2 protein chains.
Amino acid sequence: MKDINTEQNILNAAITVFQKKGMAGARMQEIADEAQINKAMLHYYFRNKQQLFEAVLMKAFQKLAPQMNIIFAMEINVYDKIRQFTSSYIDFVLENPYLPTFIIHELNNDPQFATKLMAHPNKPDPKPLLRQFEEEIKAGNIKDIPPVQLLLNLFSLTIFPFVGETLFKVILDISDTHYHELLIARKTELADRFIESIRT
Amino acid sequence: MKDINTEQNILNAAITVFQKKGMAGARMQEIADEAQINKAMLHYYFRNKQQLFEAVLMKAFQKLAPQMNIIFAMEINVYDKIRQFTSSYIDFVLENPYLPTFIIHELNNDPQFATKLMAHPNKPDPKPLLRQFEEEIKAGNIKDIPPVQLLLNLFSLTIFPFVGETLFKVILDISDTHYHELLIARKTELADRFIESIRT
DNA sequence: ATATGGTTTAACCAAGTGGTTAACAAAAGT
DNA sequence: ACTTTTGTTAACCACTTGGTTAAACCATAT
């Protein structure tokens, strides 16, 4: 029996397993099981583990990057752009909880991977946002802080509570549901609090 | 020839390897090589990989936790506490760059590990700091934001630029040295900027 | 029908892995 | 001195892992 879309099926299974276990921890057999398919099929469609992994990596990045780029390039004022960014990024991470940690982890111990992402056609480019920061600072509407640092702050405040969820739950000693309430509250409040904190 | 401190030697080597490669990616032989020692010694001192890993985990946590606890419990005002925290945490991460990502990654795919940390005697307890936030809010000196969210912000702003270093370097498209300059600048500026941003 | 060519499977393989063992070396008791 | 305990090593083992292969399957074209 021929499944018309075995390749996508494999890729989805691989994303699930790789994101959770990482390159080193993932097992080809586990991916095959997840896809309910024979292990040899993985090699038939994607030569070997490394190439399957890279396909997953690219697909994961492709899920994330274009969306960010659209927001960065929007023709709206900085403040709306900040609101847009936090809101849609948080939505995204809520649906792909393992993805940021996965990318960071693999980026950490495969320097080559960084180079590959640099060359990615849809690589997120925050320059438009940086320029807007600069303009607002010059206009005296935003505190005089290097735009790059503002960007680091925005990213950190948005992403890290998700990346470090498990760590925070230990430190704060709170339950899963309680922590998720915090995150939901953040989604509606983060942007405006950040904006207020950088306004002169 | 008997080395009086083989155990510590192994532990240090294991920390190095485990932090970089993670539990799944680390190889017992590689740890032995790093310690310049026979592989069987690893099993002589620490039964198996799992137990060696847990010893490493505990030691890593022990390097981090007491220091945080001391600061949290200090009898100083909130603002000095914030300055103290960011400064010494940044120093710590500069010397142990892989540690936070390592803890988060392993915490993510071994739920049992979280339970173990919860029971750790020196588990960081941010309650004193949370209480101070609350007092200052009541006194009208700090904006009315839930203390837990303030803590999430403080942690995120301090830790994430280190955890996500590789990711940021790709997104910002800047060099290693340039990024490190940003981090150094952050060390001196972060605390006061954060304080100013939450003051009424 | 049957030949064709892409797809799928079970069985297999070589290399790498964590872990053991038995012999040996060095201290430490006696 | 010599016995016992602790530390160290090389060789080995069982098993997992990524990867291969040869045969079977199945849709389609002829």
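Predicted model: local features only at pLDDT ≥ 70, side-chain atom pairs only at ≥ 80, totals over all residues.
**View 1**

**View 2. The contact between chain B and chain A.** Here you can look at what each partner brings: 48 residues come from chain A and 48 residues from chain B. Between them, chain B and chain A bury an area of about 4,700 Å². Carbon and sulfur atoms give 70% of that buried area.

**View 3. A salt bridge between B:Asp173 and A:Lys123.** Zooming in on these two side chains, you will find B:Asp173 and A:Lys123 joined in a salt bridge, at 3.6 Å from N to O. The count of salt bridges between chain B and chain A is 4. Polar contacts also cross this interface, with 11 residue pairs found (both at pLDDT 80 or more).

**View 4. The helices of chain B that touch chain A.** To trace the side of chain B that touches chain A, follow helix H1 (6-25), helix H6 (99-108), helix H7 (111-118), helix H9 (147-163), helix H10 (165-172) and helix H11 (176-198), each of which supplies at least two residues. H9(B) gives the largest share of this side, 12 residues. Sorted by class, the side of chain B that touches chain A holds 29 nonpolar, 11 polar and 8 charged residues.

Methods:
Residues numbered from 1 in each chain as written. Chains lettered and ligands numbered in written order. Heavy atoms only, no water. Contact = heavy atoms within 4.5 Å. Buried area = accessible area lost by both parts, 1.4 Å probe. Polar contact = N/O pair within 3.5 Å; in protein donor to acceptor, adjacent residues only side chain to side chain. Helix = DSSP H or I, 4+ residues; strand = E, 2+ residues; numbered from the N terminus. Nonpolar A, V, L, I, M, F, W, Y, C, P; charged D, E, K, R; others polar.
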